[in-house]
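Thanks, everyone. I would like to take a few minutes to go through the packing and the surface of one model, giving cut-offs along the way.

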Amino acid sequence: MLTDFDKRLLNRIQTHLPLATRPFAVLAEELGSDEATVLERIQALKDGGFIRRIGPFFDSAKMGYAGTLVALKVLPEAMADVATHINGYPGVTHNYEREGEFNLWFTLMAPNQAALEKILATVAALPGVSRLISLPATEKFKVSVQFTL
């Protein structure tokens with residue numbers, strides 16, 4: 001169960017983590033608390049599954065990375081193993097099951113196109129995967145999403 005403090009903390013960190021030597025101390029001051037409490041609550045929220053990851057967001061294309069959205073057709077009995085394998089790649093930002101013929105979708109970033117294609121070939125050859133479609137972005141639209149808790 002989220003406390004009022006947890007909600008205020010989550011609302012704050014999802015859009016703006018201070019650029020400071022000790023960002024959690026800055027957050028603590030803004031939230032009327034102390035750094036130790038903020039760090040303790042963030043760890044508890046991670047342990048509870050409310051926070052998956054805290055990290056920066058970069059323009060990966062400007063950094064030379066290649067990316068794509070991938071649709072897979074996976075046998076239901078292989079779904080868990082395929083999803084676990086995909087989650088092992090550090091460049092996977094989303095991986096989710098969907099209804100329909102293409103029932104597993106994920107986004108993938110790799111240091112370059114060759115690395116991306118190597119990963120896709122590995123995934124396409126996994127047991128239970130019968131088809132893979134790579135859908136690289138042709139145009140970007142950036143939408144800021146914030147969930148007010």
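Predicted model: local features only at pLDDT ≥ 70, side-chain atom pairs only at ≥ 80, totals over all residues.

Residues are numbered from 1 along each chain as its sequence is written, and side-chain values use heavy atoms, with hydrogens and water left out.

By nonpolar core I mean a set of buried Ala, Val, Leu, Ile, Met, Phe, Trp, Tyr and Cys residues joined through side-chain atoms within 4.5 Å, where buried is under 20% relative accessible area, exposed over 50% and partly exposed in between, with a 1.4 Å probe and protein chains only. The largest such core has 21 residues, and Leu72, Val74, Val82, Ile86, Leu104, Phe106 and Val123 touch the most other members. At least two of its residues come from each of β1 (66-74), α4 (79-87), β3 (104-110) and α5 (113-124); helices (H or I, at least four residues) and strands (E, at least two) are DSSP runs, numbered from the N terminus. A second, separate core has twelve residues, including Ile13, Leu27, Val38 and Ile42.

Now to arginine 12, which lies in helix α1 (residues 4-13). Why does arginine 12 count as buried? Because its relative accessibility is 19%. Beyond neighbours within four places in sequence, arginine 12 contacts Pro18, Leu27 and Glu30, contact being heavy atoms within 4.5 Å.

Finally, valine 145, in the segment after β4 (129-135), counts as partly exposed because its relative accessibility is 49%.
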